[in-house]
Structure formats: C-alpha cells, structure tokens
Amino acid sequence: MKTFSIIIFLFAVAVSGQDIEHWEFQTADGKPDIQDAGGVVLCFGVRDSFYTHLPPYDWHKLLYMHVLEPDGKSTKHRLHDSGRLYYNVTDGDKCFYDYVSAITQKDDVLVAATYRRYWSYSFGMHFTGAGPLQLFLLRNGELTQIATWEAGAQPALLTARDGTTYLAWEEVSYLKSDTADGRYNSTLQTVSITPELGIGEKESIGTGYAPALVEREDGTVYVLYRTAEHSARTRESMGLHMQRIDSPAGSNIVVTDGQRASERAFRPPSHLVTEGPGNTLHIVWDLDTAFVYYHFDEDNNVSFGGSSIGTGLTFAKDADDYPVFFWRQRDGEEIRWSSATDGRLFGLSQHISHTSEVKSWTAMRGPDGHVKLLYPVGQIRDTLYAIRDVLSPHADPVLVFGLPEVGVGIIKWIMDRDWRLYIQHGRTWGANNIDPGIFALKDVTLGWEESPVFVKDMHIGAVYPQPVRSGSALNIVLHVPEPRRSGRFILFDLLGRERYTQDISVHEGIDHHTLPLPSLEPGLYLLSILTPDACHTSTIMITKQE
C-alpha cells in the first residue's frame, strides 16, 4: 500500500515577458481544490496517513489548506482529521471532506470544514456519520479554531455587505443505515458571526440539505436548500425552498416542489443561486436530466423561467450584474451561453465557436466588466489556452497563452484581488507526467489590447477536430514566438511515408492554418511543421468519411 503526502514544489517557468509560478501537489485522491476567499487564494488537499500496510488497512484522512501568496510562497495548515478508517479489500470506510471559505469585513478569512463518512461494500454505500464542523480564523498567517458543532455536513459561508458573516450547514439527526444509497436525515442550521467574531445562537430551519447562501441587493440574506434527503435512487418529490435568515421573522418560500430528480449522495450540490439587479435572485437547478431556471423578483414572487437539457452548471455575471449561464446541450456540441436579462434563461442562447472538443471550462467577470470564458484550445503538451469575451461581437479570443506540459486537464480558474490569474489543473499522464497543481500568471490583462503570451519555442499548440474525418479540413494553431517566413506541413503515416504536404507562410504570434486533407485510410498519422530552423510534430487520428 502506497503512502501519500502533500508536497509543494515551487518553481518558475520562463515565458517571454510573463512570469508564471507553479505549485505542484501530490495528494491522496489527486484532487486539490482552489477557492477564492474574497481575493485570498486557498488550496485544499487531502492526504492519507497509513497506520498499517496489510489488510485490513487502517489509516486516517487529513485535510490541509495552503494559502498561496502573491510573492510565490505558500503556508500550510492542517484543518481536519477524519479519525481512524478501515478497509478490507471488498468493504470499508469512505470519507468525503466539505470545506468553504469567506473573507470578513476586517480582511480575515473564515474557513468551515467537516467530513461525511460512508461504509462501502459490494452492493452500495450507507451513511455512517458526519464529523464535527469546525470554524477556523485565518489572521496574519495564523490559523485558529474558534467554534465547533457536532455532526455537521455540507457547510456554506457568506459575508454580507453589513459585515455579518452567515454560516449554514446540515446537522445530521438520523442515519438510515439499512439503505444502500447513502440516505440520511438532517436539520438545517444557521448562525451569524459579527465582524468582531461574536458567534450568535444556532437557529434551526427544519429538514433541509445542501444549503447555499445569497444576499439580495437590499441586504437581505437567504438560504436556498433542497428538501429531500440524499439518495442514489430517483426521487419523485424533490423540492427547493428558501428562507430569510438575517431576520428572525423569516418565512419559508417554496421555489418548487414535486420535481423528479436523481440526487446522488456523492455529488456536490447541484443548484446555484446568484443575486441580480432590481433586488432579484436567479436559481438554476440541475435535475440530472435537465437544467431548470427560476426567477425571484423584488416582491418575493417566484416564477419558472425556462429549462434545457445539457451539462455545465457555470454562472457568471455581466457588466450590468445579470447572470450569464454556460452549458453544453450534448457531448460534441459547442458551449452555449444565455443571459437572464428579462427573467428568462435558455430561450435566447448563443454558442461559442470552436469549443465542441473542450472538456472543461469556467467563466468569470474580468476587470473590464465583461464575462470571460476560459478554456483549453490545445491537445498535447505545452498546451494553449484561450480567454474569450462572450458578450462582445469580436470573434477571436482576447488572450491565448501557453502552459508547459499540462495537457487539457484544466479544472478551475480564479483571480485574486489584484486580477492575478490562478489556474488549477489535474494530474497529467504520459511522457511528461505531472501531479495536480496550480499555475499563477502575473499581470494578465483581460482586455482586447493584450498581446499574446508565448512559451519559448515554436510548436503546434492546437489541432482540431480530433479525430478528423478523411477528406475534411484540419485546423492547426501554431505558437510562433519569433518571425518566420516559410514553412511546410507534412503528413506521415506510421510507416514513415509522406502522405500529404502543403507549403505555408508562417507568421509571428498565434498563427491559424486550415489543412484540407485528402482521402486517407483511417488510423494514426504524424503531422509535422517544418521551418528553416525548427521541426515539430503532433499525432492526429483520421476516421472514415461519412
């Protein structure tokens, strides 16, 4: 049994006129997670601490938090210990950590962390309990635990405009240990925390799951929660409810009831809520089979505002504070976006060209107030990534930059208060394996005048579509840091035979080319770009003509 640990390696990657720092993490599950706590960038990771190395295995899961500093340094803090876990080949403990963060009015960071435990066996899992919910204060680099609540799960944190911070969570009250789908009962709890860190009395809302907090334009604070218990089976009576929590007289508001959905115990919460102009709220719920949108107006009226099939669940806000939603209807289709400017979503949507092969993306509002979509456009190592202004009529990306040896494993993108871009990537396999980590790009301006950022050598940055049909067109993006006048594409089969050539003019910058392929046998081919001083090769897959 291999022992895992979290290790941070700091090193700089030279990029022409652009500094890139990289933190690399080796974790138990390969899934470090970055969060933006009001401009302070945190990275959470879990490591396994093994006590025995023969079955039955006996170990702990430890939750760590790293604070990523703008000067390239980081500090590590241990947050949680799951307690002793067991596993005996066919059955054993599973532990899932929940953690959230928020910045206070005094620029302190509050972090709430806990875990959920399940017993896994050949026929499923059942819920065995939740760890204590612990609230931490991060001040001047020092971490202090300031409160604890028993049997807490799925916390949510929000700091309101008046400086009050609200914490909501599930307090597990009854375990259905005879089920195989992870079901349990819980009571939704909330507390308020003053700017001076005074913690109020715990307030019970009633049965509820997966809380999300939101503040309206008028300063009122609501908790949105799911009414039905966790289950891996299809539910016939799922509902979303809301309740105001900044006032003791808050009443329950039904967003929707009687929905049919498959809510799995091991998935993150699948509903999003954000405030909009005119004291409105906007809610999107992923029912596994469809997205459903609800509009909450200034008079507390809830209305259905549209639905769509697809995957995605990414919210951003435009320059007028209207929510913009990103999703993909089906695999292989372009990413779509829609703005809820009139209280409806999905009715009028636009697609984003050249995104049908994109596997991961995220969106945010840039310094100029425009919504930006960030996504990979490369295929192999030294991959190119693009930032596109989706609400602008311009068709080309705002910025294209290269990240060394990351592949297409981008998971999340965030920015700190100085608009410094942090890019989280997963584990990359192959000839250039790297562990999960984070790239930080300094001084990235997301305006239209930003010049591209380049890695040192010219190379093939993107080849799409992949696979490509025989006899169709292949799009190629070259990454050219220095002026070159001529070049040639050569397509080889795996026996080394030239199957197609095309002379091209090579231009400095992000250089786009279209290569019309002849009719070729299906299979793997090597595509090379030759210039007087360089030669670079990429692999492509050609399939049958339709």
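The model is predicted. The protein has 43 strands and 0 helices. Of its 546 residues, 56% count as buried.

**Overall picture**

- The protein exposes about 23,500 Å². Carbon and sulfur atoms supply 48% of that area.
- Consider the contacts in the protein with a separation of 6 or more: residues 24 or more positions apart account for 49% of them.

**The sheet from S21 to S24**

- Four strands make an open sheet here, in the order S21-S22-S23-S24. The pairing is antiparallel.
- Strand S21 (271-276) and strand S24 (302-308) are the edge strands, and each pairs on one side only.
- On average, neighbouring strands of this sheet are turned by 20° against each other, direction ignored.
- S21 pairs with strand S22 (residues 280-286) over 6 bridges, in the antiparallel sense.
- Glutamate 275 has leucine 281 of S22 opposite to it.

**The sheet from S25 to S28**

- A further open sheet is formed by 4 strands in the order S25-S26-S27-S28, again with antiparallel pairing.
- Its edge strands are S25 and strand S28 (350-351), each of which pairs on one side only.
- Strand S27 (residues 336-339) and S28 are joined by 2 bridges in the antiparallel sense.
- Arginine 336 stands opposite histidine 351, a residue of S28.

**Aromatic pairs**

- A search of the whole structure finds 11 aromatic pairs. Among them is the pair of tryptophan 149 and tryptophan 169, which is tilted. The ring centres are 5.0 Å apart, with 35° between the planes.
- Tryptophan 149 lies in strand S12 (residues 142-149) and tryptophan 169 in strand S14 (residues 165-175), so this pair ties together parts that are 20 residues apart in sequence.
- Both tryptophan 149 and tryptophan 169 are buried.
- Phenylalanine 315 and phenylalanine 325 form an edge-to-face pair. The distance is 5.7 Å centre to centre, and the angle between the planes is 75°.
- Phenylalanine 315 belongs to strand S25 (residues 311-317) and phenylalanine 325 to strand S26 (residues 323-328). The two residues are 10 residues apart.
- Phenylalanine 315 and phenylalanine 325 are both buried.
- One aromatic cluster consists of Phe291, Phe315, Phe325, Trp327 and Phe346.

**A charge over a ring**

- Lysine 76 places its charged end over the ring of tyrosine 64. The distance to the ring centre is 5.0 Å.

**A look at proline 516**

- Proline 516 is found in strand S41 (residues 509-516).
- Its relative accessible area is 45%. Buried means under 20% and exposed means over 50%, so proline 516 counts as partly exposed.
- Leaving aside residues up to four places away in sequence, proline 516 touches Ser472, Ala473, Tyr500 and Gln502.
- Alanine 473 is 43 residues from proline 516 along the chain, yet their C-alpha atoms are separated by 4.4 Å.

Definitions and conventions. Residues are numbered from 1 along each chain as its sequence is written. This is a predicted model: local features need pLDDT of at least 70, side-chain atom pairs count only at pLDDT 80 or more; totals for chains, interfaces and linings use all residues. Side-chain values use heavy atoms; hydrogens and water are left out. Two strands pair if DSSP finds at least two bridges between them. Axes are lines fitted to C-alpha atoms, for helices over the stretch in contact, and angles run from 0 to 180 degrees between N-to-C directions. Buried means under 20% relative accessible area, exposed over 50%, partly exposed in between (1.4 Å probe, protein chains only). Contact means heavy atoms within 4.5 Å. Accessible areas come from the Shrake-Rupley method with a 1.4 Å probe; for residues, only the protein chains shown count as cover. Rings of Phe, Tyr and Trp (its six-membered ring) pair if their centres lie within 6.5 Å; planes under 30 degrees apart count as stacked, over 60 as edge-to-face and the rest as tilted. A charge sits over a ring if NZ of Lys or CZ of Arg is within 6 Å of the ring centre and within 35 degrees of the ring normal.
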